[in-house]
Amino acid sequence: MKKRLTKGSRKERKSPRFSSVEDYLASQDPTKARSLRSVIDLILAEFPELESKISWNAPTVHRNGKYVAGICAYKNHLTFAPWSPRVIEDSKVRLGKFVVWKNCFQIPVDWEIDRELVKDLVRARLAELD
């Protein structure tokens, strides 16, 4: 027996497919786009060997094809992912004010970026990759 899709079911809803980080940012409301861009720009300015692109339909930062960080927007928050349960675990005390999962955490859509936290998470992930 085949499963029937109902109106509003997950398979029926289609998200737009983004071809670039710029396309993704342009699809967000101004507050989310500003926060996302600030995080991405900070990472790329501090770590010029990294590059950003769309992976899994969200902005990600890479070094030589290896994931370093990802950031994406949801309805009521943004999520930052250093792609590493170890990096999250080692940073748990500093992440205490956020909702934290195994390999990512939620940040407010209007986050005043904790520049040192972001840089430290990226440094930790890069060290893990080395």
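**Figure 1. Salt bridge between Arg 94 and Asp 120 in the predicted model.** The side chains of Arg 94 and Asp 120 form a salt bridge with an N to O distance of 2.6 Å. Arg 94 sits in the loop between α3 (85-90) and β5 (105-107), while Asp 120 belongs to helix α4, so the pair ties together parts that are 26 residues apart in sequence. Arg 94 counts as partly exposed, at 40% relative accessibility. Asp 120 is likewise partly exposed, at 29%. The structure is a predicted model.

Figure 2. Glu 116 is partly exposed, with a relative accessible area of 42%.

**Figure 3. Salt bridge between Glu 22 and Arg 37.** The side chains meet at 2.8 Å, N to O. Glu 22 is part of helix α1 and Arg 37 is part of helix α2, so this pair ties together parts that are 15 residues apart in sequence. Glu 22 is partly exposed, its relative accessible area being 45%. For Arg 37 the value is 32%, which also makes this residue partly exposed.

**Figure 4. Helix α2 (residues 30-46): span and N-terminal cap.** Helix α2 has 17 residues, which at 1.5 Å a residue should span 24 Å. The C-alpha atoms at its ends are 24 Å apart, in agreement with that expectation. Asp 29 caps the N-terminal end of α2, with a side-chain oxygen 3.0 Å from the backbone nitrogen of Thr 31.

**Figure 5. Buried residues of helix α2 and their packing.** The buried residues of α2 are Lys 32, Ala 33, Ser 35, Leu 36, Val 39, Ile 40, Leu 42 and Ile 43. These residues pack against helices α1 (21-26) and α4 (115-129). They also pack against the strands β1 (51-55), β2 (58-63), β3 (66-73) and β4 (78-81).

**Figure 6. Salt-bridge network of Arg 86, Arg 125 and Glu 128.** Salt bridges link Arg 86, Arg 125 and Glu 128 in a network. A search of the whole structure finds nine salt bridges.

Key: Residues are numbered from 1 along each chain as its sequence is written. This is a predicted model: local features need pLDDT of at least 70, side-chain atom pairs count only at pLDDT 80 or more; totals for chains, interfaces and linings use all residues. Side-chain values use heavy atoms; hydrogens and water are left out. Helices (H or I, at least four residues) and strands (E, at least two) are DSSP runs, numbered from the N terminus. The expected span of a helix is 1.5 Å times one less than its number of residues. Buried means under 20% relative accessible area, exposed over 50%, partly exposed in between (1.4 Å probe, protein chains only). Contact means heavy atoms within 4.5 Å. A polar contact is a pair of N or O atoms within 3.5 Å; within protein, one must be able to donate a hydrogen and the other to accept it, and residues adjacent in sequence count only if both atoms are side-chain atoms. A salt bridge is a side-chain nitrogen of Lys or Arg within 4 Å of a carboxyl oxygen of Asp or Glu.
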